[in-house]
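Please read the following report with the sequence and the model side by side.

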Amino acid sequence: KPGEQVHAYFAGEIEQSDVFGLREPCNPSLHDCWFDAKVKEGPDAHGVYTILWADSGVASSAVHAMHMRHTSGRQCGWDPWDTTRVK
């Protein structure tokens with residue numbers, strides 16, 4: 001729900017911690033690709049949320065529920081059969 005704090009997967013690139021200046025694409029299995037964020041709105045009919053990154057970055061701000069976790073560690077839920085969300 002809007003305002004909720006989450007950890008979200010950043011679908012961009014990060015700097016490798018062992019090689020200065022070398023960037024690598026993120027993938028969900030990399031711990032370093034998950035960042036603190038806050039839900040701005042969503043989910044839409046496809047399970048996508050708009051989030052606000054804690055560092056105020058604007059890249060990759062559309063994140064699917066499967067790539068978001070509550071701060072407790074639980075994955076954020078999204079029911080594709082919930083027709084109340086379809087507009």
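A residue is called buried here when its relative accessible area is under 20%, exposed when that value is over 50%, and partly exposed in between. By that definition, both C26 and C33 are buried. The model is a predicted one, and the values below are computed from its atoms.

**The disulfide**

C26 and C33 are joined to each other in a disulfide, with 2.3 Å between their sulfur atoms, and a search of the whole structure finds one disulfide. The torsion about the S-S bond of C26 and C33 is about -90°, and the disulfide is therefore left-handed.

**The sheet**

Five strands make up an open sheet in the order β6-β5-β4-β1-β7, and their pairing is antiparallel. At the edges lie β6 (62-64) and β7 (68-70), each of which pairs on one side only. From one strand to the next, the twist averages 50°.

The pairings can be followed strand by strand. Strand β1, which covers residues 5-9, pairs with β7 in the antiparallel sense over three bridges, and within this part of the sheet V6 stands opposite H70 in β7. Strand β1 also pairs with β4, again in the antiparallel sense, over five bridges, and here A8 has F35 in β4 as its bridge partner. Strands β4 and β5 run antiparallel and are joined by four bridges, with E41 standing opposite T50 in β5. The hairpin of β4 and β5 has six residues between the strands, and in it G42 takes a positive phi near 120°.

**The aromatic side chains**

A pair of aromatic rings is described by the distance of the centres and the angle of the planes. In the whole structure, a search finds four aromatic pairs, and two of them are set out in the table.

| Pair | Distance of ring centres | Angle of planes | Arrangement |
|---|---|---|---|
| F10 and F35 | 6.1 Å | 85° | edge-to-face |
| F35 and W53 | 6.4 Å | 90° | edge-to-face |

Why do the rings of F10 and F35 count as edge-to-face? Their planes stand at 85°, and the cut-off for this class is an angle over 60 degrees, so the pair meets it. F10 lies in the loop between β1 and β2 (13-15), whereas F35 belongs to strand β4 (residues 34-41), so the pair ties together parts that are 25 residues apart in sequence.

The rings of F35 and W53, with their planes at 90°, are likewise edge-to-face. This pair also links distant parts of the chain, since F35 is in strand β4 and W53 in strand β5 (residues 48-53), 18 residues apart. Taken together, F10, F35 and W53 form one aromatic cluster.

F35, by contrast, has a relative accessible area of 33% and is partly exposed.

One further contact involves an aromatic ring: R69 lies over the face of W34, at 3.8 Å from the ring centre.

Methods
Residues numbered from 1 in each chain as written. Predicted model: local features only at pLDDT ≥ 70, side-chain atom pairs only at ≥ 80, totals over all residues. Heavy atoms only, no water. Pairing = 2+ DSSP bridges. Helix = DSSP H or I, 4+ residues; strand = E, 2+ residues; numbered from the N terminus. Axes fitted to C-alpha atoms, helices over the stretch in contact; angles between N-to-C directions. Phe/Tyr/Trp six-rings, centres within 6.5 Å; stacked < 30°, edge-to-face > 60°. Buried < 20%, exposed > 50% of the residue type's maximum accessible area, 1.4 Å probe, protein only. Lys NZ or Arg CZ within 6 Å of the ring centre and 35° of its normal. Disulfide = S-S within 2.5 Å.
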